[in-house]
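Biologist: Hi! I'd like to walk through this model with you. Could you show it first?

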Amino acid sequence: MAVDELQAIIQRCQILEESDFKGEDFNLFQVAGQKCLEDGYAAQLLEVIQNEKNKVIIKNMGWNLICPLVRCIFTYKQEDDKREYCLKILHQLAQLCNPKELFLGLLEQIEQTSAEQVCQTVMLLLQPLQTVLLKLQNKKAYSVGLSLAMIMNQLTPLPVPYTKQQIQEDKLGLCQCCNAVVGFAKPFVNEVVKNMEKSSEYNDMELKEELLKFCMKSLKYPLLTAQLEQLEGIEEHPFRHFAIEIINILWDIRELIPLVFSHRKGKSPRWENQEFADIEQKNSADSLACLSYLMFVQHFGIDCFPMVFSPSYLLQCNMTHIEVLLKSFFLSFLQDLFESCLLRMEDNSLLHQYLEFRDFINVPQDLVKVMTLCPIEHLRKKSLNILQLFIDKFDAEGKYTLFRCLLKTSNHAGVEGYIIKNIKDQIHLSLMKACDNIWFTGHHLISLLDLVLLLPEGAETDLLQNSDRIMASLNLLRYLVIKDSESNNQTGVWTTLAKIEQNFLKPLHVGLNMSKAHYEAEIKNKKENRREAHSSNTVCSVTVSGEKMPAMTTEMQLQVLHSALFTFDLIESVLARVEELIEVKIKAVMDENS
């Protein structure tokens, strides 16, 4: 019988000195104890452990029971008495075992558990692990850090529940486990706080640094990928609660404000391997970006934040985080953070000097990529709205500089057309005397028009692909001709008219004639081929960017070709109107002078 075998081993060990215990004794005790658990004799094993005479034996050998004990706990149902006995055994082992040996045994059990059971295992072992750590005297900070790192490393591969249903179900127990880990860390946070209160020159930074590492890891996972909006029907959102607790820890250990305003470049560990160093730096950047999102969008910990900083300075501090979120494709977080910072500012209040900072140029360029490449429509639209908001906040010189930059770098006709419309709006404000603006009149504007009123590849430019830009340019030129007389010439357009005709209007005429002739010939060929074919439903395959598109019938191809011709007719119509207006204005001036 298992209990008898255990008793025999116990009796043999009771007469030995602690230093006389051998490896064989440890193995026999582990095997007998495991058999007791597996055969259902947990109550009898508990009695053995609680017996004062066995105190030395349990101190040295008890940690060997952790693995079989955890296995049995998960075997029994919640209401089973045997499970309750197992839990009491676990509690007793935490009280009686050698802290160092039990600490290693508990971490080993967490490390070896399966992904499906990792949350349950962690929650089961947190209390005994905390008890053991509080007993440790040597290397306590290191052991706390090792425990938190091990737990977070085991949790990180798990998918983060995102939808309301997933959060409520919490199948793997991640929501519950994360908040349990915060509770586990609190005694150590309190210890740091107590020590800092005792002395303003608190020098024992090891435990504080380990807690800081835990908070940084938690910001990266699970918070950076979690759904943090308040959900109807969930009274206490687990991840919102977790985020608040992490912010509170950072505040308690006096690291919250320094983290918000510092990239902590000097705090990263030194890696001999550059790849590891790059990973560490990226993880830190992601964590800091998430922290800014929590504070400035979700307003967690905002009550602790000093309200003495200008909105432009807060934007500057957050631009690095916004760029990090952009490059990591956390687009929803990035948009909310960027928008939150911009909405704090008044229009035209952001000085052009901010564009000297690399992030202020990189972010709008990356935002353009989201607008043009992101497959999710609402994210594309919101990116466009944020770009406009960003433009509105700059002073006139800032807008001017930003427009030049985006015209040169966007490589997208739709975006270029949008920027040209913005340029037109700024010119309108200048001409209406709404503001004293030298940047959208005179020689500054002429320099900008050189980028706008031209065809990228002359007459051979793909007019269909560039139609948005061309139409916006023609509309801008039409506006300038109508609003600015040759005698006033505030915009300088009349001075540079010959150059505009040479670089824009004449090549556009040639390009339109070539394009229309090409597409008309294509339509003629398609119609002739249709007559020769047995059926009008003959299909052809079309390849775009290396991907085969759905087959098109001849009728569909003709519709596309006619649509292109309609676009050319539209461009030609506006072009004719612009040239007519120029001719009328020039004739009127000549009549006045004659």
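Modeller: Happy to. One term before we start: buried means under 20% relative accessible area, exposed means over 50%, and partly exposed is in between. Keep in mind too that this is a predicted model.

Biologist: Fine. Is Leu228 buried or exposed, then?

Modeller: Leu228 has a relative accessible area of 1%, so it counts as buried.

Biologist: Where does Leu228 lie?

Modeller: Leu228 is in the loop between H12 and H13.

Biologist: And what does Leu228 touch, apart from residues up to four places away in sequence?

Modeller: The list is Leu223, His237, Phe239, Arg240, Tyr293, Leu294, Gln298 and Phe333. Take Leu294 from that list: Leu228 and Leu294 are 66 residues apart in sequence, and their C-alpha atoms are 8.9 Å apart in space.

Biologist: Let's follow Leu294. Which residues is Leu294 in contact with, leaving aside neighbours within four places in sequence?

Modeller: Leu294 is in contact with Leu219, Leu223, Leu228, Ala243, Ile247, His299 and Phe300. Leu294 also belongs to the largest nonpolar core, where it is among the residues with the most contacts, along with Leu155, Phe338, Leu474 and Leu508.

Biologist: How many residues does that largest nonpolar core have?

Modeller: It has 189 residues. The largest share of this core, 13 residues, comes from helix H11, residues 174-198. As background, nonpolar side chains tend to be buried together in soluble globular proteins.

Biologist: Now a helix. What can you tell me about H16?

Modeller: Helix H16 covers residues 311-327, so to speak its 17 residues, and reaches 24 Å from its first C-alpha to its last, close to the 24 Å expected at 1.5 Å a residue. H16 bends by about 40 degrees at Asn318. Just after H16, Phe329 takes a positive phi of about 65 degrees.

Biologist: How many residues of H16 are buried?

Modeller: H16 is mostly covered, with 12 of its 17 residues buried. Among them are Leu314, Leu315, Ile322, Val324 and Leu325, and also Asn318, His321 and Glu323.

Biologist: Glu323 is a charged one. Which residues are linked with Glu323 in a network of salt bridges?

Modeller: The network links Glu323 with Lys327, Arg358, Asp359, Asp366 and Lys369. In general, side chains of opposite charge can pair when their charged atoms come close.

Biologist: How many salt bridges are there in the whole structure?

Modeller: A search of the whole structure finds 23. One example is Arg71 with Glu38, at 3.8 Å from N to O. This pair links distant parts of the chain, with Arg71 in helix H5 (residues 66-75) and Glu38 in helix H2 (residues 23-38), 33 residues apart. Arg71 is partly exposed at 40% relative accessibility, and Glu38 is partly exposed at 47%.

Biologist: Nice. What about Glu572, which residue does it form a salt bridge with?

Modeller: Glu572 pairs with Lys516, and the closest N and O atoms are 2.8 Å apart. Glu572 lies in helix H25 (residues 554-593) and Lys516 in helix H24 (residues 497-532), so the pair ties together parts that are 56 residues apart in sequence.

Biologist: And is Lys516 buried or exposed?

Modeller: Lys516 has 16% relative accessibility, so it counts as buried, while Glu572 is partly exposed at 26%.

Technical notes. Residues numbered from 1 in each chain as written. Predicted model: local features only at pLDDT ≥ 70, side-chain atom pairs only at ≥ 80, totals over all residues. Heavy atoms only, no water. Core = buried A, V, L, I, M, F, W, Y, C linked by side-chain atoms within 4.5 Å. Buried < 20%, exposed > 50% of the residue type's maximum accessible area, 1.4 Å probe, protein only. Helix = DSSP H or I, 4+ residues; strand = E, 2+ residues; numbered from the N terminus. Contact = heavy atoms within 4.5 Å. Expected span 1.5 Å × (residues − 1). Bend = angle between axes of the 7 residues up to and from the residue. Salt bridge = Lys/Arg side-chain N within 4 Å of Asp/Glu carboxyl O.
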